[in-house]
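Student: I have a model open and want to learn how to read it. Where do we start?

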Amino acid sequence: MTTLTPQKPALLNQGGGTPGEVPPSSVHDLRARRDDSGGRHDWRELVDAVRESGQYTTRSEAESVTRVVLSALGGHVVGDERVDLARALPEEAARVVASQIPATRRLTAAEFVDSVATRIEGATPATARWDVSSVLSVLAERVGDGLVTRILDQLPPGYALLFGRAELAPAE
């Protein structure tokens, strides 16, 4: 598996864990924080939204794709953005993101898609791009523009399209 180097220093786990890792106690505390926010969606709703977005025939397929993409993303988002992403997600999705070891090498968007393709049986780069975009566009709707912008600022150019956003090049 290929990994990336974080652009910013990662947060250290208070319990002495891996840099950038969300402490396990934080993941368990996420449910309590979500209950009074009113705007969080549970895992089932997230998977159902991915199923609809990606036009997957079964809930099981949508759930599998969601886990793979969140797992891949979890290794590439670090620091405060990783913690905030975990907090914004349903508990199950937060666990998937937070359990990943931070990557040591930054991947281009195409390399990221290719890495996802290797994790999904029978996937091609084209189907993996569909899977990644299906999950990340739903994720963007759920976590909000501000956090997505901060996540995109961490990642190399090219990821915005995967999150369902236009990526404008500066005028020269």
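This is a predicted model: local features need pLDDT of at least 70, side-chain atom pairs count only at pLDDT 80 or more; totals for chains, interfaces and linings use all residues.

Student: How many aromatic pairs does a search of the whole structure find?

Tutor: A pair of aromatic rings is described by the distance of the centres and the angle of the planes. Rings of Phe, Tyr and Trp (its six-membered ring) pair if their centres lie within 6.5 Å; planes under 30 degrees apart are stacked, over 60 edge-to-face, the rest tilted. The search finds 1 pair here. F112 and Y159 are tilted, at 5.5 Å centre to centre and 55 degrees between the planes.

Student: Why does the pair tie together parts that are apart in sequence?

Tutor: F112 lies in helix 6 (residues 109-117) and Y159 in the segment after helix 8 (145-154), so the parts it ties together are 47 residues apart in sequence. Helices here are DSSP runs of H or I, at least four residues, numbered from the N terminus.

Student: At what angle do the axes of helix 6 and helix 7 cross?

Tutor: Two packed helices are described by the angle between their axes and the distance between the axes. Axes are lines fitted to C-alpha atoms over the stretch in contact, and angles run from 0 to 180 degrees between N-to-C directions. Helix 6 and helix 7 (residues 125-143) cross at roughly 100 degrees, with axes coming within 8 Å. They are therefore roughly perpendicular (65 to 115 degrees). Contact means heavy atoms within 4.5 Å. Among the residues making this contact are F112 and V116 of helix 6 and A128 and V132 of helix 7.

How values were computed. Residues are numbered from 1 along each chain as its sequence is written. Side-chain values use heavy atoms; hydrogens and water are left out. Helices (H or I, at least four residues) and strands (E, at least two) are DSSP runs, numbered from the N terminus. Angles under 35 degrees count as roughly parallel, over 145 as roughly antiparallel, 65 to 115 as roughly perpendicular and the rest as oblique.
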